[in-house]
Amino acid sequence: MKRVFLGFGVVLLVLSMMNVAQALIITDFTVPNPGATISASGNIVSRDWQGTVGYGVQGGHVDGEIDGIGSGEWILVEFGIAQYIDKVRISALYAAGQHGDIVDETAFINYNYNKLNLPTLPGASDFHVTVESVANDPTGTSYASMSGAGAVVNVSPALTGGGGVWDIINLFPGTPVNSLLFYVGPNANNTYSDYSIVSIDTTAVPVPGAVWLLGAGLVGLVGLRRRFVK
């Protein structure tokens with residue numbers, strides 16, 4: 001009988017560990033990522049820009065970027081377990097006049113979209129965050145504007161000859177996210193509005209069932225230990 005209880009407790013403990021939510025760090029969008037499913041409007045390819053490797057869609061204006069040729073390119077990241085988005089790093093985002101861009105480039109990111117519910121028009125969504133590379137101030141410092149909660153930090157100068165890399169920190173704070181959709185906004189048909197995704201860092205939302213299983217498994221093992229001590 002003791003063996004039966006012991007086995008039950010161990011099974012509960014193992015199940016709880018299998019279901020404990022895991023933080024994710026995605027740095028390569030072309031390979032399988034445990035905990036996330038990645039799809040796109042076309043083949044995903046990488047692009048090395050000034051020493052920073054980013055990922056986008058093959059074809060369009062430039063391979064390895066998400067741009068607005070035709071109906072617009074997109075990359076969708078779906079999480080197996082809801083996540084808090086700690087940081088998203090994007091590259092190749094510049095202001096008008098840099099690299100021949102005729103508009104300030106804008107990166108659009110939506111959350112909790114799926115393949116059946118992609119926006120038919122770029123920007124036509126219930127919520128989005130925009131990171132826009134703007135003209136540099138007289139000191140030459142790169143900065144950006146952003147709608148929505150969170151913060152944007154420059155990693156590499158958004159200048160001609162520079163990397164144009166940005167960190168979007170604490171995206172959608174306090175909001176559990178099941179998916180992230182990367183696409184281009186109002187300039188969707190403009191070949192100069194494009195960017196690449198470098199990485200995504202998340203913190204997983206705890207799964208209530210995992211907590212219950214973990215507690216049940218521990219209680220079972222503690223109870224067995226007491227019986228053995230007696």
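This report describes the fold, one hairpin and the aromatic pairs of a predicted model.

## Overall make-up

The chain has 230 residues, and buried residues make up 40% of them. Its secondary structure comes to 2 helices and 12 strands. Read from the N terminus, the order of elements is α-β-β-β-β-β-β-β-β-β-β-β-β-α.

Contacts in the chain can be sorted by how far apart the two residues are in sequence. Of the contacts with a separation of 6 or more, 67% are made by residues 24 or more positions apart. The accessible surface of the chain is about 11,200 Å². Carbon and sulfur atoms account for 59% of that surface.

Strand 3 covers residues 44–49, and strand 4 covers residues 52–57. The two strands pair in the antiparallel sense, over 6 bridges. Within this pairing, S46 stands opposite Y55 of strand 4.

The hairpin has 2 residues between its strands. In this hairpin, Q50 takes a positive phi near 55 degrees.

The structure holds 4 aromatic pairs. One of them is formed by W49 and Y94, with 6.5 Å from centre to centre and 80 degrees between the planes. Angles over 60 degrees count as edge-to-face, and the pair of W49 and Y94 is of that kind. W49 belongs to strand 3, while Y94 sits in the loop between strand 5 (74–91) and strand 6 (106–111), so the pair ties together parts that are 45 residues apart in sequence.

Are these two residues buried or exposed? W49 has a relative accessibility of 19% and counts as buried, because the cut-off for buried is under 20%. Y94 is also buried, with a relative accessible area of 3%. W49 has a further neighbour: R47 lies over the face of its ring, at 4.3 Å from the ring centre.

## The pair of Y111 and F172

Another aromatic pair joins Y111 and F172, whose ring centres are 4.8 Å apart. Their planes meet at 55 degrees, so this pair is tilted. Which parts of the chain does the pair tie together? Y111 lies in strand 6, and F172 lies in the loop between strand 10 (165–171) and strand 11 (177–183), so the linked parts are 61 residues apart in sequence. F172 is buried, with a relative accessible area of 4%.

Key
Residues are numbered from 1 along each chain as its sequence is written. This is a predicted model: local features need pLDDT of at least 70, side-chain atom pairs count only at pLDDT 80 or more; totals for chains, interfaces and linings use all residues. Side-chain values use heavy atoms; hydrogens and water are left out. Rings of Phe, Tyr and Trp (its six-membered ring) pair if their centres lie within 6.5 Å; planes under 30 degrees apart count as stacked, over 60 as edge-to-face and the rest as tilted. Helices (H or I, at least four residues) and strands (E, at least two) are DSSP runs, numbered from the N terminus. Buried means under 20% relative accessible area, exposed over 50%, partly exposed in between (1.4 Å probe, protein chains only). A charge sits over a ring if NZ of Lys or CZ of Arg is within 6 Å of the ring centre and within 35 degrees of the ring normal. Contact means heavy atoms within 4.5 Å. Accessible areas come from the Shrake-Rupley method with a 1.4 Å probe; for residues, only the protein chains shown count as cover. Two strands pair if DSSP finds at least two bridges between them.
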